[in-house]
Amino acid sequence: MNRIKSKIKFVGLHAHSVAGSIFDALGYPQDHMDFAYKNGCDALALTDHGNMNGLAYQVLHAKKMHAEGKDFKPIFGCEAYFTPSIADWHDAYNQAMEDKKRARSIKKDEQSGATVEDEGDSKKTQDILKRRRHLVLLVLSLSSSIRLYI
């Protein structure tokens, strides 16, 4: 495999694999690692959605790469959902459940079949229940002597 030599050091700190982010990824962790190495990277972070299912793939493939003489460091991570206030989210959730119950209690003959979309409403800030903010969490080694290949 020919490896690209890059003058600029680059490490990808956010990647999804099919091991943990099925609908948001292409390839297994080892595919990502091989691609990154081939293109001049010395490390890559795998940050699947809400899980670390690719961790075993990363560890095993990093050991294989090391045995082949490839110096490559997998960075372990996870992409988590973040909300500024769980109390506010919980209040909004309870209110939404109450609204749903009230809507179900409306008699069928009182409901209209027409739906009118308020275009301005779609441009407003999203409801706290629909908002999705992500936080990428990475495992950092404080000592350069700590190696994966022990």
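Visitor: How does Y28 count by relative accessibility?
Guide: Y28 has a relative accessibility of 38%. Buried means under 20% relative accessible area, exposed over 50%, and partly exposed in between, with a 1.4 Å probe and protein chains only. Y28 therefore counts as partly exposed.

Visitor: What kind of model is this, and how are residues numbered?
Guide: It is a predicted model, in which local features need pLDDT of at least 70 and side-chain atom pairs count only at pLDDT 80 or more, while totals for chains, interfaces and linings use all residues. Side-chain values use heavy atoms, with hydrogens and water left out, and residues are numbered along each chain as its sequence is written, from 1.

Visitor: How many aromatic pairs are found, and what is the angle between the planes of Y28 and Y57?
Guide: The search of the whole structure gives 3 aromatic pairs. Rings of Phe, Tyr and Trp (its six-membered ring) pair if their centres lie within 6.5 Å; planes under 30 degrees apart count as stacked, over 60 as edge-to-face and the rest as tilted. Y28 and Y57 form a tilted pair, with 5.6 Å centre to centre and a plane angle of 40°.

Visitor: Why is the pair of W89 and Y93 classed as it is?
Guide: The ring centres of W89 and Y93 are 5.3 Å apart. Their planes are at 10°, so the pair is stacked.

Visitor: Where do W89 and Y93 lie, and what separates them?
Guide: Relative accessible area is 29% for W89 and 34% for Y93, and each counts as partly exposed. Both are in helix α3 (residues 86-105). Being 4 residues apart there, they are separated by about one helical turn.

Visitor: Which ring does the charged end of R3 sit over?
Guide: A charge sits over a ring if NZ of Lys or CZ of Arg is within 6 Å of the ring centre and within 35 degrees of the ring normal. The charged end of R3 is 3.8 Å from the centre of the ring in question, that of Y37.

Visitor: How many disulfides are found?
Guide: C41 is buried at 9% relative accessible area, and C78 is buried at 13%. A disulfide is a pair of cysteine sulfur atoms within 2.5 Å. The search of the whole structure finds a count of 0.

Visitor: How do the residues lining the second largest pocket divide by class?
Guide: Residues of this lining include Y81, W89 and R131, and β2 (73-82) and α3 each supply at least two. Ala, Val, Leu, Ile, Met, Phe, Trp, Tyr, Cys and Pro count as nonpolar, Asp, Glu, Lys and Arg as charged, and the others, Gly among them, as polar. The division is 7 nonpolar, 1 polar and 3 charged.

Visitor: How far apart are the C-alpha atoms of G50 and L135?
Guide: G50 is in the loop between β1 (43-46) and α2, and is exposed at 56% relative accessibility. G50 and L135 are 85 residues apart along the chain, and their C-alpha atoms are separated by 10.0 Å.

Conventions
1 Å grid on protein atoms, 1.4 Å probe; cavity = no way out; pocket = protein on both sides within 12 Å on 5 of 7 lines; lining within 4 Å.
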